[in-house]
Amino acid sequence: GGERGGNQSPLTNASDDAREGARLRQLVQDTWALLDKDLEAHSVKMFLHFFETTPDMLQLFPFKDDAPLGRSPGLKAHALSVMQAVGDMVASLSNVTSLLPVLASQGRRHAVRRVQPEHLSALGDALMWTLESVLTDQWTDEVSDAWEEAWEQMRAVMEPNLNEAKAEVQRIKRDIYGQDPMVLVQETWKLVAQDLEPYGIRFFLRIFE
């Protein structure tokens, strides 16, 4: 209840909304306990839904060609590690600062896989979908609001670190290639295109050698 001070969440604000924050934390932690009873199965379920809604993301993972995907050891391991990170976040809602280095690391690590900020939102949607499917009639508006607030806290830490790490990856690539990689490809292709026929013949002769 009441207005929130600044941009703080009632989940973590220990002043005006302390009582409301405690109630929301309890809702999140109590409902998480139901998922935690079979975390691996729910983790796989969440990621299968995530890949259904964002199929481009599957192409970024080494297990993309595993069939059936739901039985992939790689998928199971990755899904479980993500859900365990969510579980750590849930357990630390009353002391989020202790989790900041972990969340920051998650953001940086996913930059290497070319994860975009919108993918974090899609992952949050998949988490909410999974929670709703498990909790059924216990997934009330109140519980939904509490979980939305909790995910927002997690995303708010990961996204800036994701963006920072993505910028760093681009800087490294520019150092390696001397300029933006796409520009390098386009500029070198222009050199080939100036005399395309002999290069084309040479290309196909090389294929048939």
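Me: Is Leu58 buried or exposed?
Reply: Leu58 counts as buried, because its relative accessibility is 14%. The cut-offs are these: buried is under 20% relative accessible area, exposed is over 50%, and partly exposed lies in between, with a 1.4 Å probe and protein chains only.

Me: What kind of model is this?
Reply: This is a predicted model, in which local features need pLDDT of at least 70, side-chain atom pairs count only at pLDDT 80 or more, and totals for chains, interfaces and linings use all residues. Residues are numbered from 1 along each chain as its sequence is written, and side-chain values use heavy atoms, with hydrogens and water left out.

Me: Where is the place of Leu58, and which residues is Leu58 in contact with?
Reply: Helices are DSSP runs of H or I with at least four residues, numbered from the N terminus; strands are runs of E with at least two. Leu58 belongs to helix 3. Contact means heavy atoms within 4.5 Å. Leaving aside neighbours within four places in sequence, Leu58 meets Phe51, Phe63, Lys64 and Leu69. Phe51, not counting residues up to four places away, touches Met57, Leu58, Phe61, Phe63, Leu69 and Leu75.

Me: Which residues have the most contacts inside the largest nonpolar core?
Reply: A nonpolar core is a set of buried Ala, Val, Leu, Ile, Met, Phe, Trp, Tyr and Cys residues, joined through side-chain atoms within 4.5 Å. The largest one here has 42 residues, and Phe47, Phe51, Val86, Leu127 and Trp147 have the most contacts inside it. Helix 1 (18-36), helix 2 (39-53), helix 3, helix 4, helix 6 and helix 7 each supply at least two residues of this core.

Me: How many aromatic pairs does the structure hold?
Reply: A pair of aromatic rings is described by the distance of the centres and the angle of the planes. Rings of Phe, Tyr and Trp (its six-membered ring) pair if their centres lie within 6.5 Å; planes under 30 degrees apart are stacked, over 60 edge-to-face, and the rest tilted. The structure holds seven such pairs. Phe47 and Phe50 form an edge-to-face pair, 5.8 Å centre to centre with 80° between the planes. Both lie in helix 2, three residues apart, about one turn of the helix. Phe47 is buried at 2% relative accessibility, and Phe50 is buried at 3%. Ring pairs link Phe47, Phe50, Phe51, Phe61 and Phe63 into a cluster.

Me: What should the 19 residues of helix 4 span?
Reply: The expected span is 1.5 Å times one less than the number of residues. For helix 4 that gives 27 Å, and its end C-alpha atoms are 27 Å apart, so the two agree.

Me: Which residue caps the N-terminal end of helix 4?
Reply: A polar contact is a pair of N or O atoms within 3.5 Å; within protein, one must be able to donate a hydrogen and the other to accept it, and residues adjacent in sequence count only if both atoms are side-chain atoms. Ser72 is the cap: a side-chain oxygen lies 3.3 Å from the backbone nitrogen of Gly74.

Me: What does the side chain of Thr130 reach?
Reply: The backbone oxygen of Ala126, at 2.8 Å. Thr130 sits in helix 6 and is buried at 0% relative accessibility.

Me: Where is Thr136 found?
Reply: In the loop between helix 6 (117-135) and helix 7 (141-177). Thr136 has a positive phi of about 45°, although it is not a glycine. Thr136 is exposed, at 52% relative accessible area.
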